[in-house]
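Hi,

Here is the structure I promised to pass on. Have a look first, and my notes follow below.

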Amino acid sequence: MSGPLDGIRVVDFTTMIAGPYGTMILADQGADVIKVEAPVNSDHARRAGYGQRHFSAAFVNNNRNKRSIAIDVKHQDGRKLLMRLVETADVFVQNFRPGVMKRLGIDYEDLRTVNPTLIYLSMSGWGESGPWAHKPVYDPIIQALSGLASVQGGSDDARPRLIRTILPDKLTGITAAQAVTSALFARERTGEGQHVRLSMLDSIVAFMWSSDMGSQTFVGKEVDVAAAATFIDLIYETSTDYISVSVMTNDQWRNLCVAFNKPEWLDDDRFKTPAGRDRYANERLELIQSVLRTGSAEEWLETLEEAGVPCAPVLKRHEMIHHPQVEATGVVVEVEHDHAGQLRQARNAARFEGTPAEMRRGAPHLGEHSRKLMDELGYSRIDQDRLIDSGVVASVIDD
């Protein structure tokens, strides 16, 4: 057994980032994930951004541990092949706009006729209903409408800002993986499959409510203009570099004041309680910044560490991968890809003691496993050649 999901087969009918990232999590945890793409208009991520040897970084970092088959599902024979594949599957994941799968004849109602216990996950941008359900969407658009850009700006009065990573995409992928495993667990109890629906908008709104929507939590007592959440923007300048310092508890605040040799701050009524330190956050942060500018990053990190004050250097990406703590956890690994060469990637974050996740294979070429999968489904060599010669199936590598 090579992962907690060993023996689970997932048909991955997704593109770009959110869907492929979610299904890669399942693949890392042992599932046999079969990526289905069109022979001509394959996953756009294959051609997006930096890459080498016909593999983009975006593709290899979201599609490892998967097998690839390229099928034209608009063709009758291609749809039949997909149906035969679905008969052997536990999970089907798709992230096309509402209505697309129905037009292709492969929505949940179609697939459950050949596999009644199938878990079918539909991922979308806006959801299946509402005036925006059929609008195209990308990550920045979700950040804008969800309020996330306003939160990142600092307050409702400040200029909204985007988070400079595609958080809605990736969080939706993580939510999708969690939803699939929950549905599989429910099936173990009931023996029944089900349709699971998930949108990027819902994922971000639910995510934000944990910490960012306090102003709208108490019905009838909403706050019209949310104040700046300055306590989460704790990047300070020193005489040499940037560091982050964060104090929440009374003990941590006391330790910081002692480390700074500022006993008068302990007597300041504004800062005696967590509520007061939050209310006068801007004043507090300006005082801390004025002290930190008097010394180097190395000196302050050593001093604050000894005082028990949470702190860290602000690292660039190329520095992060070599930090002793990152190296100690083993989260960044180097692997050999059969076609793209030596890669550096992050392993699956969750570590399972009894059923460890593994990197079994790199991201596949388009149609790399088409013949192998058709063999598994009982297609004769003659039928395989016919499908490939007609363009219904693509097999880039003739295995």
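A quick definition before the pocket: on a 1 Å grid over the protein atoms alone, a pocket is an open set of points where a 1.4 Å probe fits, with protein on both sides within 12 Å along at least five of seven lines, and lining residues have an atom within 4 Å of a point. Bear in mind that this is a predicted model, where local features need pLDDT of at least 70, side-chain atom pairs count only at pLDDT 80 or more, and totals for linings use all residues. Residues are numbered from 1 along each chain as its sequence is written.

So, the largest pocket: 37 residues line it, and T15, M16, N95, F96 and R97 lie nearest its centre. That lining splits into 20 nonpolar, eight polar and nine charged residues (Ala, Val, Leu, Ile, Met, Phe, Trp, Tyr, Cys and Pro count as nonpolar, Asp, Glu, Lys and Arg as charged, the others, Gly among them, as polar).

Next, α6 (residues 139-146) and its packing against α9 (residues 200-209): the angle is about 50° and the axes are 10 Å apart. Axes here are lines fitted to C-alpha atoms, for helices over the stretch in contact, with angles running from 0 to 180 degrees between N-to-C directions. On the α6 side, D139, I142, L145 and S146 touch M200, L201, I204 and M208 of α9 (contact means heavy atoms within 4.5 Å). By class, that contact has six nonpolar, one polar and one charged residues.

With α8 (residues 167-190), the α6 axis comes within 7 Å and crosses at roughly 95°. Here D139, I142 and Q143 of α6 meet L167, P168 and D169 of α8.

Cheers

Notes
Heavy atoms only, no water. Helix = DSSP H or I, 4+ residues; strand = E, 2+ residues; numbered from the N terminus.
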